[in-house]
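Subject: Structure handover

Hello,

Here is the structure for you to take over. My notes on what turned up in it follow below.

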Amino acid sequence: MRILVTGATGNIGTSTVEALANDPTVDEIVGLARRRPEWAPPKTRFVADDIRSADLVGLCRDVDAVVHLAWAFQPTHRPKTTWDVNVLGGMRMHEAAAEAGVRNVVVASSVAAYAPGPGRQVDEQWPTHSMPVAAYGREKAYMERYLDAFEARNDTIRLVRIRPSFVFKRESASEQRRIFAGPLVPRPLTRPGRLPILFVPAGLRFQAVHSSDVGEAIRLAVVGSQRGPFNIAADPVIDRSVLGEIFGSRTVELPAWPVQMLHDAAWRLRVVPAEAGLLQLLLNLPTLNTARAREELGWDPRHSGIDALREMLNGLADGAGMATAPLAPDRASTR
């Protein structure tokens, strides 16, 4: 098999490339990224280009499968830019795959595409209109609607949508700090045991999954015959008590609204890069039932959600990363 992977140098992309490279049925991986990395996994060649302008039809020629992972989280203060990349670029990628005759397409969606459902566990039939408070959710939901139409127009293409919870690994730590927290977060304080008190907004509950387990789910989708959406998340659900255990801290619950107001002010002042709506979106997410992925894909995560989050937090304290532009490490901090 010859496979094109967009966003091949990011958090999920690097894990997907590694999983595909270890599959004996995969002969070549073409990794599309805006900047060619120093990282050189086996069976892989990289093309440095942008999905908004690249010759995508040409790249899709003689490809057995397209894995579309490219996604821009920033700049949140210029939503037209992220829309151009994530929605218009994503549409361009899928249309090119269809024009080139690709028969298998796997695309990364997200738990953020789902409609609000705090406290509920949902399967893949839960509505995917998100909560229109943050660009990330709006764009993921819009792509779900586009994919509905794309699938109806291209019934010969096997389309798989992977909908993961929050995805972590050690090597993603520096990137995730830059995307969500910004430079003012004291990295040593993220190491478990350093914070005596952890303030948690009321209602915070989420799931996490290790990036390598998401990469394996995508590999199974590429080489398999299944269609449709698959929820991908690991146990347990992470709430206030679990966060206290992970951080080794006493937790104090705060009302959600003042936390959201403070976050919004910090974002407007450009102190933090993540827009305030992301917190509101997070507090209203459902949790994911992963029975379909386990039963039909044969997916079984090797890491718990706690393992994935703890690994990322330790990586955050160490300034961890890897030799790609999105995952470039911060300088290691003082322990």
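**What was found**

Just after H7, Gly248 adopts a positive phi of about 65°. Please keep in mind that this is a predicted model. Helix H7 covers residues 240-247, and its buried residues are Val242, Leu243, Gly244, Ile246 and Phe247. Their cover includes strands E9 (197-201), E10 (206-210), E12 (234-238) and E13 (250-254), together with helix H11 (305-318).

Asp239 sits in the loop between E12 and H7. Asp239 has a relative accessible area of 25%, so it is partly exposed. Apart from neighbours within four places in sequence, Asp239 contacts Leu204 and Arg205.

The seven-stranded sheet

Seven strands form an open sheet in the order E3-E2-E1-E4-E5-E7-E11, paired in parallel. The edges are strand E3 (44-48) and strand E11 (228-232); each has a single partner strand, so one side of each has no neighbour in the sheet. From one strand to the next, the twist averages 20°.

Strand E4 (residues 65-68) and strand E5 (residues 104-108) run parallel and are joined by three bridges. Val66 has Val105 as its bridge partner in E5. Helix H3 (residues 79-100) packs on the sheet and touches strand E1 (2-6), E4 and E5, its direction making about 175° with that of E4. H4 also packs on the sheet, where it touches E5 and strand E7 (158-164); the direction of H4 makes about 160° with that of E7.

E1 and E2 pair in the parallel sense over five bridges, and Thr6 stands opposite Leu32 in E2. Strand E2 (residues 28-33) is mostly covered, with five of its six residues buried.

One network of them links Glu144, Arg145, Asp148, Glu151, Arg161 and Arg163.

Glu144 belongs to helix H4 (residues 135-153). Its relative accessibility is 1%, so Glu144 counts as buried. Beyond neighbours within four places in sequence, Glu144 is in contact with Ser109, Ala113, Thr128, Arg161 and Arg163.

Asp148 forms a salt bridge with Arg145, and the closest N and O atoms are 2.9 Å apart. These two are three residues apart in helix H4, so about one helical turn separates them. Both count as partly exposed: Asp148 at 34% relative accessibility and Arg145 at 39%.

Asp148 also meets Arg161 in a salt bridge, at 2.8 Å from N to O. This pair links distant parts of the chain, with Asp148 in helix H4 and Arg161 in strand E7, 13 residues apart. Arg161 counts as buried because its relative accessibility is 4%, under the 20% limit.

Elsewhere

Asp264 and Arg268 make a salt bridge between their side chains (2.8 Å, N to O). They are four residues apart in helix H8 (residues 256-268), so about one helical turn lies between them. Asp264 is partly exposed at 24% relative accessible area, whereas Arg268 counts as exposed at 56%.

Trp83, Leu88 and Tyr142 make a nonpolar surface patch of about 280 Å². Tyr142 is in helix H4 and is partly exposed, with a relative accessible area of 40%.

Regards

How values were computed. Residues are numbered from 1 along each chain as its sequence is written. This is a predicted model: local features need pLDDT of at least 70, side-chain atom pairs count only at pLDDT 80 or more; totals for chains, interfaces and linings use all residues. Side-chain values use heavy atoms; hydrogens and water are left out. Buried means under 20% relative accessible area, exposed over 50%, partly exposed in between (1.4 Å probe, protein chains only). Contact means heavy atoms within 4.5 Å. Patches are made of residues with over 30% relative accessible area and no salt bridge: like charges are joined within 9 Å, nonpolar side chains (Val, Leu, Ile, Met, Phe, Trp, Tyr) within 5 Å. Accessible areas come from the Shrake-Rupley method with a 1.4 Å probe; for residues, only the protein chains shown count as cover. A salt bridge is a side-chain nitrogen of Lys or Arg within 4 Å of a carboxyl oxygen of Asp or Glu. Two strands pair if DSSP finds at least two bridges between them. Axes are lines fitted to C-alpha atoms, for helices over the stretch in contact, and angles run from 0 to 180 degrees between N-to-C directions.
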